[in-house]
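My entries follow the display.

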Amino acid sequence: MNATTPSALLEATGTRAVLAQLDAELVGLAPVKGRIRDIAALLLIDKLRAEQGLQSTPPSLHMCFTGNPGTGKTTVALRMAEVLKQLGYVRKGHMVAVTRDDLVGQFIGHTAPKTREVIKKAMGGVLFIDEAYYLYKPENERDYGAESIEILLQVMENHRDDLVVILAGYRDRMDTFFGSNPGMASRIAHHIDFPDYSEAELMQIAELMLGQLNYRFDEQAVPAFGRYLNLRRQQPHFANARSIRNALDRIRLRHATRLFQADSALSKEQLTTLQAEDVLASRVFGRQETTA
Ligand SMILES: Nc1ncnc2c1ncn2[C@@H]1O[C@H](COP(=O)(O)OP(=O)(O)OP(=O)(O)O)[C@@H](O)[C@H]1O
Ligand SMILES: [Mg+2]
């Protein structure tokens, strides 16, 4: 008789709560959320198998998150760390986020201690390596990045039940990196692609972020922000949700300036409501008119 149902275990481990939070906090990303649920299911079933005395080996969970800037890779990695903690896969569930400079030294003999130090900090949680392809510089014969990769590979194999490595970056560069680093490619069990957000999703993200900050768009501000999105998305350096957060910061600044200039008693309504003019003063509109 199996005493524990998967659903009871989801509840008891607190995994359901983390997954629900992921759902509520992140707009869209259905394929990403699906993959995380799959991984949670795998770990839960492994637990249930262990309870029944069946062979249970912790699966390898090193991952690669690919996608454009601001698509949610770092945020999802943080949540992933929590899920892994709830399911008892890692002890602590924290995340250490690094880039090449944190792992690789400038001089001979500096790289190994640097990499080992980072690994030590990340043990029991997730090591998130952003723009991981910079670890490998084939044009530079004596590059110390290779040394760091070697150490990472060993740890990914030997400590895989207490450290999850997540590599992140642009899809095409990650593919090239794996092409020249088969050892790394073979140790990554899960590849998760983060798509760019649609305009409708970006609007939802904006409204979610505003809600969290106790702001809202009034009726005219919504279509104004829609027009903003449409223009901003076509401009260089557009970084998905990150650009939305930055745009909202500037809109809040203009809102504050407007209220300040009025210099009257301010209602809660006024303090929370962003208007079309706060949006339309953006450079994005000016630029469009001069270039069109
Ligand atoms: N789907 C989403 N719903 C709501 N907010 C989101 C979503 N995706 C990202 N964000 C928010 O956008 C910001 C940028 O996200 P994050 O840093 O996770 O992106 P990233 O893919 O790691 O970007 P980068 O490649 O630039 O490091 C964060 O503030 C995050 O909370
Ligand atoms: Mg990031």
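**Entry 1: α10 and α11**

I began with the crossing of α10 and α11, which is right-handed. I note that the model is predicted. By class, I recorded 6 nonpolar, 2 polar and 2 charged residues in the contact of α10 with α11.

I then looked up the two helices themselves: α10 covers residues 199-212 and α11 covers residues 221-232. Their axes lie 10 Å apart, and the packing angle is about 125°. The angle therefore makes α10 oblique to α11.

For the contact itself I listed the residues on each side. From α10, E199, L202, M203, A206 and E207 take part, and they meet V222, F225, G226, L229 and N230 of α11.

**Entry 2: α2 and α4**

I next examined helix α2 (residues 15-25) against helix α4 (residues 73-86). The angle between them is about 165°, with the axes 9 Å apart. Because of this angle, α2 is roughly antiparallel to α4; the cut-off for that term is an angle over 145 degrees.

On the α2 side I found T15, V18, L19, Q21, L22 and E25, which meet R79, E82, V83 and Q86 in α4. By class, this contact of α2 with α4 has 4 nonpolar, 3 polar and 3 charged residues.

**Entry 3: α6 and α7**

I turned to helix α6 (residues 111-122) and helix α7 (residues 145-158). They pack at an angle of about 35°, and their axes are 9 Å apart. I noted a right-handed crossing where α6 passes α7.

In α6, the residues T111, A112, T115, R116 and I119 meet E147, S148, I151, L152 and V155 of α7. I counted the contact of α6 with α7 by class as 5 nonpolar, 3 polar and 2 charged residues.

**Entry 4: Annotated region**

I consulted UniProt, where an unreviewed entry places the feature "domain: AAA+ ATPase" at residues 59-198. Over residues 59-198, I found the chain to be 43% helix and 18% strand. The end C-alpha atoms of this stretch are 34 Å apart.

**Entry 5: Domains**

How many residues of domain 1 are in contact with domain 2? I first took the bounds from the domain assignment, which gives domain 1 as 6-194 and domain 2 as 199-291. The C-alpha centres of domain 1 and domain 2 lie 35 Å apart. For the contact, I recorded 9 residues of domain 1 against 8 residues of domain 2.

Note on methods: Residues are numbered from 1 along each chain as its sequence is written. Chains are lettered from A and ligands numbered from 1 in the order in which they are written. This is a predicted model: local features need pLDDT of at least 70, side-chain atom pairs count only at pLDDT 80 or more; totals for chains, interfaces and linings use all residues. Side-chain values use heavy atoms; hydrogens and water are left out. UniProt positions are given in the numbering used here, feature names are shortened, and annotations may be inferred rather than shown by experiment. Helices (H or I, at least four residues) and strands (E, at least two) are DSSP runs, numbered from the N terminus. Axes are lines fitted to C-alpha atoms, for helices over the stretch in contact, and angles run from 0 to 180 degrees between N-to-C directions. Angles under 35 degrees count as roughly parallel, over 145 as roughly antiparallel, 65 to 115 as roughly perpendicular and the rest as oblique. Contact means heavy atoms within 4.5 Å. Ala, Val, Leu, Ile, Met, Phe, Trp, Tyr, Cys and Pro count as nonpolar, Asp, Glu, Lys and Arg as charged, and the others, Gly among them, as polar. Domain bounds come from an automatic or database domain assignment. A crossing is left-handed if the near helix is turned anticlockwise from the far one by less than a right angle, and right-handed if clockwise.
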